Amino acid sequence: MSAFANRLRELRLKFYWNQSQLAKRAHVSTSLISSYEKSERFPSVDMLIKLSDIFCCSTDYLLGLEHDRTLNIDGLSDRQLKLVTE
């Protein structure tokens, strides 16, 4: 199973959602979410971004390239912090 499939399932379960609930939030079919979690399909860049927005994490985290789900904001200016939070 791919890192993406594992992370997607892990995050979905952390939010206590079933595949259908995530599918509704992402405006896709339940079978598409299932195929992602089984590593049968891989999301487009647009879908990857949408999923990262839904779960409030980076695309790198979803892809298994980062181990931390949260972003490090140390060293950002007040203006940059405002942009991040918006």
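Start by selecting α2 and α4, which pack at an angle of about 110° with their axes 10 Å apart. Axes here are lines fitted to C-alpha atoms, for helices over the stretch in contact, and angles run from 0 to 180 degrees between N-to-C directions. That angle makes α2 roughly perpendicular to α4; angles of 65 to 115 degrees count as roughly perpendicular, under 35 as roughly parallel, over 145 as roughly antiparallel, and the rest as oblique. Helices (H or I, at least four residues) and strands (E, at least two) are DSSP runs, numbered from the N terminus.

The model is predicted: local features need pLDDT of at least 70, side-chain atom pairs count only at pLDDT 80 or more, and totals for chains, interfaces and linings use all residues. Residues are numbered from 1 along each chain as its sequence is written, and side-chain values use heavy atoms, with hydrogens and water left out.

Stay on this pair of helices and show side chains. On the α2 side, select L22, R25 and A26; they meet M47, K50, L51, I54 and F55 in α4. Contact means heavy atoms within 4.5 Å. The crossing of α2 and α4 is right-handed: a crossing is right-handed if the near helix is turned clockwise from the far one by less than a right angle, and left-handed if anticlockwise.

Which residues make the contact between α2 and α3? From α2 they are Q19, S20, L22 and A23, and from α3 they are T30, I33, S34 and E37.

Now turn to the aromatic rings. Rings of Phe, Tyr and Trp (its six-membered ring) pair if their centres lie within 6.5 Å; planes under 30 degrees apart count as stacked, over 60 as edge-to-face and the rest as tilted. By this rule there are five aromatic pairs. Select F15 and W17, a tilted pair with 4.8 Å between centres and 45° between the planes. Buried means under 20% relative accessible area, exposed over 50%, and partly exposed in between (1.4 Å probe, protein chains only).

W17 and F55 form another tilted pair, 5.7 Å centre to centre with 35° between the planes. W17 lies in the loop between α1 (3–14) and α2 (19–26), and F55 in helix α4 (residues 45–55), so the pair ties together parts that are 38 residues apart in sequence. F55 is buried, as is W17.

Then select F4, Y36 and F42, which form one aromatic cluster. For a ring with a charge, go to R7 and Y61: the charged end of R7 sits over the Y61 ring, 4.0 Å from its centre. A charge sits over a ring if NZ of Lys or CZ of Arg is within 6 Å of the ring centre and within 35 degrees of the ring normal.

Select N6, in helix α1. N6 is partly exposed, at 40% relative accessible area.

Finally, show the whole chain. The protein chain has six helices and zero strands. Of its 86 residues, 31% are buried.
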